[in-house]
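Biologist: I am new to this structure and would like to learn how to read it step by step. Could you take me through the features one at a time, giving the general idea before the case at hand?

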Amino acid sequence: MPTTSSSAAPAAPVSGNAVAIKNFAFSPATLKVKAGTTVTWTNQDTDAHTVTSAAAGGPLQSAALATHATYRYTFTKPGTYAYLCTIHPFMTATVEVT
């Protein structure tokens, strides 16, 4: 009898340049990009959200994004950039730049 797993594996980092904001979460939660990549966040929720660096003085500082609004940022330096929604601080994610 074949075995099936009902538990999902941990989400692996995703490559690309787009982050969806939906269901009060950033998707993917970890995005891997190369330096020089512009990442676009799009709010697909009906509530407003922000894209804000978790560390003080970080580069990500969006205004509140209404439904379907976008925010773009070009990552020029390698590193791990943690960010959150300041309106809903439980919403967190990271961008890993190589």
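Modeller: Let us begin with burial: of the 98 residues of the protein chain, 34% count as buried. Please keep in mind throughout that this is a predicted model.

Biologist: How many helices and strands does the protein chain have?

Modeller: The protein chain has 0 helices and 9 strands, and from the N terminus on its elements therefore read β-β-β-β-β-β-β-β-β.

Biologist: How should I read the way strands are put together in a sheet?

Modeller: The general idea is that strands of a sheet pair through backbone hydrogen bonds, in either a parallel or an antiparallel manner. Here, an open sheet of 4 strands has the order S3-S2-S5-S7, and its pairing is mixed. Its edge strands are S3, covering residues 25–27, and S7, each of which pairs on one side only. From one strand to the next, the twist averages 20°.

Biologist: Which strands in this sheet pair in the parallel sense, and over how many bridges?

Modeller: S2 and S5 pair in the parallel sense, over 4 bridges. Within S5, Trp 41 stands opposite Val 19, and Thr 42 stands opposite Ala 20.

Biologist: And how do S5 and S7 pair?

Modeller: S5 and S7 pair in the antiparallel sense over 6 bridges, and one example is Val 39, whose bridge partner in S7 is Tyr 73.

Biologist: What joins S2 to S3, and in which sense do they run?

Modeller: S2 and S3 run antiparallel and are joined by 3 bridges. Ala 20 stands opposite Ser 27 in S3, while Lys 22 stands opposite Ala 25 in that strand. The two strands form a hairpin with 2 residues between them, and Asn 23 in the turn has a positive phi of about 55°.

Biologist: Is Thr 40 buried or exposed?

Modeller: Thr 40 is buried, because its relative accessible area is 17% and the cut-off for buried is under 20%. Thr 40 lies in strand S5, which covers residues 37–43. Leaving aside residues up to four places away in sequence, Thr 40 touches Asn 17, Ala 18, Val 19, Thr 70, Tyr 71 and Arg 72.

Biologist: Which residues have the most contacts inside the largest nonpolar core?

Modeller: The largest nonpolar core has 19 residues, and those with the most contacts inside it are Phe 26, Trp 41, Val 51, Phe 75, Tyr 83 and Val 95. At least two residues of this core come from each of strands S2 (18–22), S4 (30–33), S5, S7 (70–75), S8 (79–84) and S9 (92–97). S9 supplies the largest share of the core, 3 residues. If you select Val 95, and do not count residues up to four places away in sequence, you will find that it touches Leu 31, Val 33, Trp 41, Phe 75, Gly 79, Thr 80, Tyr 81 and Tyr 83.

Biologist: What does Thr 92 touch?

Modeller: Thr 92 has its place in strand S9, and, not counting residues up to four places away in sequence, it touches Phe 26, Tyr 83 and Leu 84. Thr 92 is partly exposed, because its relative accessible area is 48% and the cut-off for exposed is over 50%. The C-alpha atoms of Thr 92 and Ser 27 are separated by 10.0 Å, although the two residues are 65 residues apart along the chain.

Biologist: How should I read charged pairs, and how many salt bridges does the structure hold?

Modeller: As a general idea, side chains of opposite charge can pair when their charged atoms come close. The structure holds 1 salt bridge, which Glu 96 forms with Lys 32, the closest N and O atoms being 2.9 Å apart. This pair links distant parts of the chain, with Glu 96 in strand S9 and Lys 32 in strand S4, 64 residues apart. Glu 96 counts as partly exposed at 23% relative accessibility, and Lys 32 counts as partly exposed at 35%.

Biologist: What share of contacts joins residues at least 24 apart?

Modeller: Among contacts in the protein chain between residues at least 6 apart in sequence, 46% join residues at least 24 apart.

Note on methods
Residues numbered from 1 in each chain as written. Predicted model: local features only at pLDDT ≥ 70, side-chain atom pairs only at ≥ 80, totals over all residues. Heavy atoms only, no water. Buried < 20%, exposed > 50% of the residue type's maximum accessible area, 1.4 Å probe, protein only. Contact = heavy atoms within 4.5 Å. Core = buried A, V, L, I, M, F, W, Y, C linked by side-chain atoms within 4.5 Å. Pairing = 2+ DSSP bridges. Axes fitted to C-alpha atoms, helices over the stretch in contact; angles between N-to-C directions. Salt bridge = Lys/Arg side-chain N within 4 Å of Asp/Glu carboxyl O.
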